[in-house]
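Reader: Hi! I have a structure open and I'm new to this. Could you walk me through it?

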Amino acid sequence: MNQEKVRRLAEKIIQLDIKRDELYEELIAISGERAAEILRSVQNH
């Protein structure tokens, strides 16, 4: 196992998770309480 590649991939996953949280907060700011409903609707299409 390439330890450096594993570490880089783990860091990228963490960065994506942080970005996802930021985007979800923005969705909440725009759509309010309907954010989860909207997200599920888009995921299902």
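Author: Happy to; we can go through the overall build, the helix contact and the salt bridges. This is a predicted model, where local features need pLDDT of at least 70, side-chain atom pairs count only at pLDDT 80 or more, and totals for chains, interfaces and linings use all residues. Residues are numbered from 1 along each chain as its sequence is written, and side-chain values use heavy atoms, with hydrogens and water left out.

Reader: How much of the chain is buried?

Author: Buried residues make up 2% of the 45 residues. Buried means under 20% relative accessible area, exposed means over 50%, and partly exposed lies in between, using a 1.4 Å probe and protein chains only.

Reader: What about the accessible surface?

Author: The accessible surface comes to about 4,300 Å², and 57% of that belongs to carbon and sulfur atoms. Such areas come from the Shrake-Rupley method with a 1.4 Å probe, and for residues only the protein chains shown count as cover.

Reader: Switching topic: how do helix 1 and helix 2 cross?

Author: Two packed helices are described by the angle between their axes and the distance between the axes. Here helix 1 (residues 3-31) and helix 2 (residues 35-43) have axes that come within 9 Å and cross at roughly 115 degrees. The axes are lines fitted to C-alpha atoms, for helices over the stretch in contact, with angles from 0 to 180 degrees between N-to-C directions.

Reader: Which residues meet there?

Author: From helix 1, Arg 20, Tyr 24, Leu 27, Ile 28 and Ser 31 meet Ala 35, Ala 36, Ile 38 and Leu 39 of helix 2. Contact means heavy atoms within 4.5 Å. By class, this contact has seven nonpolar, one polar and one charged residues. Ala, Val, Leu, Ile, Met, Phe, Trp, Tyr, Cys and Pro count as nonpolar, Asp, Glu, Lys and Arg as charged, and the others, Gly among them, as polar.

Reader: Nice. How many salt bridges are there?

Author: The count comes to five. A salt bridge is a side-chain nitrogen of Lys or Arg within 4 Å of a carboxyl oxygen of Asp or Glu.

Reader: Can you show me a couple?

Author: Arg 8 pairs with Glu 4, with the closest N and O atoms 3.9 Å apart. Both lie in helix 1, four residues apart, about one turn of the helix. Glu 11 forms a salt bridge with Arg 7, at 2.2 Å between the closest N and O atoms. Glu 11 is partly exposed at 37% relative accessibility, and Arg 7 is partly exposed at 43%.

Reader: What does Arg 34 pair with?

Author: Arg 34 meets Glu 37 in a salt bridge, 3.5 Å from N to O. Arg 34 is partly exposed, at 47%, and so is Glu 37, at 42%. Elsewhere, salt bridges that share partners join Glu 4, Arg 7, Arg 8 and Glu 11 into one network.

Methods. Helices (H or I, at least four residues) and strands (E, at least two) are DSSP runs, numbered from the N terminus.
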